[in-house]
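This report goes through selected parts of a single structure, one topic at a time. Please have the sequence and the 3D view open while reading.

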Amino acid sequence: MSLRFLLILLNPYLTPNLISYFMTSEKAKTALKKYFGYDEFRPLQEEIIQSVYDGKDTVVIMPTGGGKSVCFQIPAVTMEGTALVVSPLIALMKDQVESMRAIGVKASFLNSSISSKEQFEIEGQFKDGTLDLLYVSPEKLASQDFQSVLGAAKISLFAIDEAHCISSWGHNFRPEYRQLKLLKTKFPNIPVIALTATADKVTRKDIGDQLNLVEPKLFLASFDRPNLKLEVRPGRKRWEQIVNFVANHRDEAGIIYCMSRKNCESLAAKLQAKGLNADFYHAGMSSDQRNKTQEAFINDQIDIICATVAFGMGIDKSNIRWVIHYNLPKNIENFYQEIGRAGRDGAAADTMLFYSYADIMFLKTLIDQDGANGRELMQSKLDRLQQYATSPVCRRKTLLSYFGEYLADNCGNCDVCDLPPTSIDGTELAQMALSAVYRVKGQANSELLINILRGSQRKDILESGFQNIKTYGVGRAYTYLDWRAYIEQLTQQGFLEIALDDGYKLKLTQASQDVLFKDLKVKLVKPASIKEREEIAEASAVTKQSQSETFKWDKDLFKRLKDLRLRLAKEAGMPPYIIFGDKSLQEMAAAKPITREQFLTITGVGERKADQFSFDFLNVIKAYGQEKGIADADMFKPMLRASVKPKKSKVPKSAKVPTRQMTLEFYNKGLSLIEIARERGLKKSTLIDHLLYYHRDGLEIDFESMVDYDEELLKKIKDLVYQQEDSPPKMKPVFAGLDERVSYDEIKLYFAILETRGEI
Ligand code: ADP
Ligand code: ZN
């Protein structure tokens, strides 16, 4: 029974509002299938489109690749009049218009790159109402002579893309965006939809204010991108690891981000020498060279780009299958934006970050040299990235918590989930390392120290007489690399220091004393070898392929379909991913459709593309079937598409969010305990309980920064705790033992600190 018929039957029971809701949502869904070839909306898309249909001003915050464009493109094709889209990225307009035309949407663009004759023609079409969608630059929209054109056309909505550009709080302020304020004054009844991937709270509010929006509806999507595999690898033997990685990603498009231009070039040369299709990209090249390289990458003529962060801003390529960070980025925002360029088509994509303590030290020196401005902030942002790379918690949990989201379950798509780290009692290891440092009087860097611990017969060691110290050779049972990992962990836990101004030699700290002389227990994490990691990564890629939630496709057929796509793209003079995304080809290679009807069931195949391309693609699929001796009747196996359930990642929404989660949100935004208490009207002790909950769930909470930290006091409290027989320990005896001079709140915080250190 059709929805329409059902509605007629139910008509007496439905309110006019409900009817219009069902009708419009049916309209939107039909358009999604007809034009885009998608069966389901992604989370929030439908609500956002409804808000535009209702004529409301709308603000949309969604990560890159989340599916923002659909939110104005569907209204554009279903509402009367032309949708005007303002975008600052002139270079992208042509691509976007081509994509729209390829699915049968009447679209055009106006910006400074177009001749005045062409402009005149397009303006004519706009006034005649023959366009669904018109992209314009902000300058064009605000220009004097465009105003009369605007007045003469019928406009369905204004979409402001990259809306953070309007805010001077944002990171990419464009003065020309300020003129967009006039839209609401001149066209008060036309809905404005503002979209961006990056906006903190201040910018978010500023967007509404600067555009003069009327009580805008805010839609904040989850920042989770579940199709991105997250992996951190030790930054050792990077080249070998890359070679193995790309061998498992043959013919796939990927980016390797490097810190230095020189490194981009040498890495690209080494990859080329291995017969791989690689090139480099950085700001030191002429703009002509850069454009050429970028175009070649977009058109699938180059697979691998070794690039500095200069690369990626202006590209919309949806079939980037992997991103490697050769060096550590400066902060989580940059990191997330860079890996976000992978897998925009929703198909699985891999990301790998190389981490080493040396990279951290290098970035720290850069920050120090950078001078005073914002140094502390940069430092703390780097700390958060380090936490992401080193803490033994599900990577996605750590990453999302940075953006104020709480993921209830481990993600199952990161290296920590694949290979959970084993905690060990590292007290003895720590004692070996620290006493060796003590005995060489702080005169060894980590490499020398490890060689002493392992009893190396190296000439320089023997000449310095290190073989005579008591700890020589006590650590033989562990490999060099294990020791490196342990020493790094000891440094991170504050038991060792690296002297930057003294040849990176290892020095003891205050905390070392407790290990050496007071038998303090130390927890360490057993490092997994690179080989182990590689095996697990491969195994998990294989199981993912065989799981029914994704699906298995025929690799050989997929390759042929890709070749066909490349040929058609060349003929049409457009990027291959505009013809079909990787996901569509994967589905074709799995379902093997041989009729037009079957072809239309594939994700991303709308009516226009079926008309244009079914002949060529079905022919390749049919020929493949014949070659393999498969009967026609056995070819097509419809995709079993379990409706995509959004992961259990929750975006804080004031009303429904558990109270402790709101506390975490404030904590993640950097508010102090007192500020949170004021903001939330709760007692400090309640907030500490909230945060302890998350600590026990594996998040790193910095309780130390919440007290006026006093090592002596901590020790006293610890003694008073150990004198008790109660478990968990009570606060009252501690309060009394400190002559009632220290508040309960503070004692509670010290308890929390002891708990995070595993001491109670
Ligand atoms: P954004 O503008 O937020 O970066 P896009 O709008 O470009 O993201 O969407 C990213 C990709 O996801 C595009 O290839 C788009 O066609 C696809 N997409 C969007 N909505 C859906 C959907 N409902 N189902 C399947 N794919 C979708
Ligand atoms: Zn995980």
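## Around ligand 1

In this predicted model, a polar atom in the side chain of Y38 is 2.6 Å from an oxygen atom of ligand 1. The side chain of R42 also has an N or O atom facing an oxygen atom of the ligand, at 3.1 Å.

Which residues come nearest to ligand 1? They are Y38, E40, G65, K68 and R344, out of 14 residues around the ligand. By type, the shell around ligand 1 consists of four nonpolar, six polar and four charged residues.

## Helix α3

After α3 comes G55, which has a positive phi near 80°.

## Cysteines

How many disulfides are there? The count is zero. A disulfide is a covalent bond between the sulfur atoms of two cysteines. For C264, the nearest cysteine sulfur belongs to C258 and is 4.3 Å away, and C264 is in no disulfide.

Is C264 buried or exposed? Its relative accessibility is 0%, so C264 counts as buried. C417 has a relative accessibility of 21% and therefore counts as partly exposed; the limit for buried is under 20%.

## Two loop residues with positive phi

N212 is not a glycine, yet its phi is positive, near 60°. The residue sits in the loop that joins α10 (201-210) to β7 (217-220). With 35% relative accessibility, N212 is classed as partly exposed.

K441 is another residue other than glycine with a positive phi, here near 55°. Its loop runs between α19 (427-439) and α20 (446-453). K441 has a relative accessible area of 69%, so it is exposed.

## Q467 and its loop

Where does Q467 lie? It is in the loop between α21 (459-463) and α22 (480-492). The relative accessibility of Q467 is 27%, so this residue counts as partly exposed.

Setting aside residues up to four places away in sequence, Q467 touches I461, L462 and Y472. In the case of L462, its backbone oxygen is 3.4 Å from a polar atom of the Q467 side chain. Q457 is 10 residues from Q467 along the chain, and the C-alpha atoms of the two are 8.3 Å apart.

## K330

K330 is part of the loop between β12 (320-325) and α14 (332-339). This lysine counts as partly exposed because its relative accessibility is 48%. What does K330 touch, not counting residues up to four places away in sequence? The contacts are L363, K381, L382 and L385. K154 is 176 residues from K330 in sequence, and the C-alpha atoms of this pair are 47 Å apart.

## Two buried serines in helices

S401 is in helix α17, which covers residues 395-402. A relative accessible area of 5% means that S401 is buried. Apart from neighbours within four places in sequence, S401 is in contact with R384, N668 and L699.

S584 is in helix α27, residues 582-591. Its relative accessibility is 5%, so S584 counts as buried. With neighbours within four places in sequence left out, the contacts of S584 are I602, T603 and G604. S584 and G37 are separated by 547 residues in sequence, while their C-alpha atoms are 9.7 Å apart in space.

Conventions: Residues are numbered from 1 along each chain as its sequence is written. Chains are lettered from A and ligands numbered from 1 in the order in which they are written. This is a predicted model: local features need pLDDT of at least 70, side-chain atom pairs count only at pLDDT 80 or more; totals for chains, interfaces and linings use all residues. Side-chain values use heavy atoms; hydrogens and water are left out. Helices (H or I, at least four residues) and strands (E, at least two) are DSSP runs, numbered from the N terminus. Buried means under 20% relative accessible area, exposed over 50%, partly exposed in between (1.4 Å probe, protein chains only). Contact means heavy atoms within 4.5 Å. A polar contact is a pair of N or O atoms within 3.5 Å; within protein, one must be able to donate a hydrogen and the other to accept it, and residues adjacent in sequence count only if both atoms are side-chain atoms. A residue is near a molecule or strand if one of its heavy atoms lies within 4 Å of it. Ala, Val, Leu, Ile, Met, Phe, Trp, Tyr, Cys and Pro count as nonpolar, Asp, Glu, Lys and Arg as charged, and the others, Gly among them, as polar. A disulfide is a pair of cysteine sulfur atoms within 2.5 Å.
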